[in-house]
Structures are given as structure tokens and as C-alpha cells.
Amino acid sequence: MSSSPALSARGSRLAFLVVGLCWLAVLFDGLDMFIYGSVLPHLLETKTFGITPDQAGDLGSYATFGMLVGALTAGTVADRIGRKKLMVVCVIVFSLASAVCAIADSVAVFGLGRTLAGIGLGGLLPTAISMVSDYAPRGRGAIIIGLLMTAHHVGGILSAYVAKWLIDPVGWRAAFWVCVLPLLFAPVLAKFLPESLSFLVAKGRTEEAQELATRYDVELPAAKSGKAGAGDRWTNLANLFRGGEWVQTLLYWLASFGGLLLVYGVATWLPTLMRAEGYELGSALSFVVVFNLGGIVGMLVAGRAADRFGAPRISALWFALTAAGVFLLSVHMPMTVTMIVVFFAGLFLNSAQTMIYATVSIRSNAGTRATAVGWTSGMGRFGAVFGPWLGGQLLASGQGEWGFTAFAIAGLSSMVFIGIAALRSSKPTGEDDRKEELVAAH
């Protein structure tokens, strides 16, 4: 394949196009994900639909349950229709689901909208990561994925401003109508986003893939020797429990459960819990902005730190620092100090979970690595469903002050589980296919 300056320039332009389009799609994903938490304090204060804190927690879990369904089915659907088409479908689904929320006249209809939104949100992110991995410049895949992940937090920042600007003058429904606007982006995505090279190769459309790769000077993925059947997948899963491996596997699953409980619990309840601590609504929403700014920095820092000191150490340390920061949020401090704590909590929390996947990938055998990472991610998503529910139950029982403490305990548990797992198995494995399996875990 030619590497002339002209071709390299075209390859760079294609990479920027793909990354740019996927970045915008993930930004809209983050906006839709975080908007519920941003409007939730208003919904509770005005008793919209007669909503109670425990119902609010259930509604938060509906979206994360939808994400679980979307993430589990994304790979199968993408293999059938293509990654490009799946991304377009996901954008359409979560945009229309926001319209359902905007016109909802009951908790049941609103919950249906959040569940459907979760399906679209859960399917988009892993597909977008796969797309940018295909077209990333050689040797820049990890950096490009880190850059893409920042879009999710930019969407979280945007959700806070949408809520601050629209709720008082217009009403909470306007915030969800803003989340319908990505529907206008779907045709742009359909027109300008190229299909995944991996998909084209897997489908035997090698000439089409080769022509695209040559034209833009990108590397053509190698054809897989064969697709693992259901029997192979179940055999790989069984191998995770043979001998003493079952202990290691359960430790990874428990660490992932606690990590995603923490991530989605805090993402859903941060503004409401800060209101319960006595902060004004505007200040509580500002914390969402600062929290996601920390998440952006964390995504860019964690990978470099893990490369230098090892993913297991960074994962355990990150969870310990996250737990400390989240616990401190239960203490009413001066605004400046609180903002600093929220920033660092966001920095460590939003990348600690990714370090679990990196640890599992490093410590697993090559033959079962994809299964180990995939199931660790899947088990963790049950924590994502449980976290928003837990916050609602604490508030409903008048124990809202324990919300941050409960989430901090989840962080400490993940620190312990991933630390023990790393100490029990210290053999690093090769780099082959590691990036692909980490992509599938998100």
C-alpha cells in the first residue's frame, strides 16, 4: 500500500472525517444520557407526574437497562447490517425516544422513552469505537479512542447548560426536545460516514474494502480465519471457571459491578444529591460541568499512567481516590473546595472502570481474553442498572445523606476486588487483539 504524502494526507482527512462524525454522535449520546440527571432535581421539586425519589431511581435504571440490552445486541446487529447503518439507527432511536419523553403525560410513558433511549445509547458507543479503530492513523488507535471518549463527557457538560438555560424560562420538556435535534444529524451520518473496513472484510467485500483502504491510505484489517461459534463461546466461558480461575473471574465481575454502579449512580444523582446538601440548583448543575471536565482529563491521563505503572495498580488507586472524593461530597464545604473535589472525583471515577477492562485484558490468556473482557463488561452493566435505583431508594427512605457514602463504598469494594485479582495473577500476556476486546467492552 502506498504511503506517499498525497495518500497520507487523504488518509488523515478520512480519519478526521470518521473521528469527527463519530465524536459528534457520541456527544449526542452523552447529552441524552446525562440530561435525565440534569433535569431530575426540577422534576422532584415540582413533583412532575407525582414522581417520588424511588420512582426517579427506577426511571434512571430503565435507561441503563436499555443500555445493557443495546450493548449486548450491538455486535450481532452490526454483523448483519453493518456498523455504519447501526450507528445511524442508534442515533434515530435515542432521538425519537427523547421525543417520547418530551410529550410524556405519565411516569409510564416517560419510562418507556428512557428505556428506548438506553437501547440506542448502549448500541452506539461500542460501534463508534469500532469505527474509529478501523480508520485511526497507524499507531494512533489508543489516542483516537481516548479522544472519542471525551465526547461523552462533553455531552454531559452540554446537558447541564441545556438544563440551566431552558428549565426556568421554558420548562423541562424543552431540554428533551433539544435531545431530539440529533435526528437531523442522522442523514449527515448516513451520507458521509464510510462503512467499517472490518465489516466489509468480514462480509467478503474485499475489493470494496481494498479500494477504500488504498484510496485513503489506511490499513486493511486482516480477514479472520473463522467466526467463533456458539459452542466455542460457551467453551471459552467455561474455561474462565476451570481450576482456580473461577475466583479470578468472580473478582473481575464484582469489581466491574461496583465500578459501573458508581459511575451511573453518581451520573444520575449528582445534581440531586448536591441539592440535598444545600447547594442551589444552578450550583448543583455546575457540578455536572466540572465533574465531566474531570472525566475528559481522566480519559486522557489514565491510559498514559497505566502504560507506565500498570493497569492493575492504576485501577486500584483510581478507585481508592474516587471513593475518597465521592465520600467528601457528603460534607458541605466551601464552594471552591467542593468544585475541586468534584473535578478530581470525575477525573478518577470516569476512567477507573476502563482500567478494569485493561487489567482483565492483560491478565487473561489469549484464547479466552475476548470472552473474559466481554463478560466482565456485561456483569458490570448490572451495576449500572442498580446504581440509579439505589440512589432513589436512599432518598425515598429519607437517607439521602448516605447516597455519596454508599457510592464511595462501591468504589472501595471495586478497589479491593481488582487489587486482589491483580495480586492473584501477575502474568502479562501479549498485545495481540487487546485493543479490539477493550473496544467491545465499552
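Buried means under 20% relative accessible area, exposed over 50%, and partly exposed in between, computed with a 1.4 Å probe and with protein chains only as cover. The model is predicted, with local features needing pLDDT of at least 70 and side-chain atom pairs counted only at pLDDT 80 or more, whereas totals for chains, interfaces and linings use all residues. Residues are numbered from 1 along each chain as its sequence is written, and side-chain values use heavy atoms, with hydrogens and water left out.

View 1. Lysine 47 is placed in the loop between H1 and helix H2 (53-81), where helices (H or I, at least four residues) and strands (E, at least two) are DSSP runs numbered from the N terminus. Although lysine 47 is not a glycine, its phi is positive, at about 55°, and with a relative accessibility of 59% this residue counts as exposed. Phenylalanine 49, in the loop between H1 and H2, is likewise not a glycine and has a positive phi of about 60°; its relative accessibility of 29% makes phenylalanine 49 partly exposed.

View 2. Side chains of opposite charge can pair when their charged atoms come close. A salt bridge is counted here when a side-chain nitrogen of Lys or Arg lies within 4 Å of a carboxyl oxygen of Asp or Glu, and by this rule the count comes to 3. Arginine 114 and aspartate 32 form one of them, with their closest N and O atoms 3.1 Å apart. This pair links distant parts of the chain, since arginine 114 belongs to helix H4 (residues 107-135) and aspartate 32 to helix H1 (residues 5-45), 82 residues apart. Arginine 114 is buried, at a relative accessible area of 1%, and aspartate 32 is buried as well, at 0%.

**View 3. The salt bridge between arginine 275 and glutamate 45.** The side chains of arginine 275 and glutamate 45 meet at 2.2 Å, N to O. This pair also links distant parts of the chain, with arginine 275 in helix H11 and glutamate 45 in helix H1, 230 residues apart. Arginine 275 is partly exposed at 25% relative accessibility, and glutamate 45 is partly exposed at 47%.

**View 4. A nonpolar surface patch that includes tryptophan 246.** Phe241, Trp246, Leu250 and Leu254 form a nonpolar patch on the surface, with about 350 Å² of accessible area together. Patches are made of residues with over 30% relative accessible area and no salt bridge, like charges being joined within 9 Å and nonpolar side chains (Val, Leu, Ile, Met, Phe, Trp, Tyr) within 5 Å, while accessible areas come from the Shrake-Rupley method with a 1.4 Å probe, only the protein chains shown counting as cover for residues. Tryptophan 246 is found in helix H11 (residues 245-276) and is partly exposed, with a relative accessible area of 43%.

**View 5. Glycine 391 and proline 53.** Glycine 391 lies in helix H15 (residues 369-396) and is buried, its relative accessible area being 5%. Between glycine 391 and proline 53 the separation is 338 residues in sequence, and 8.3 Å in space from C-alpha to C-alpha.
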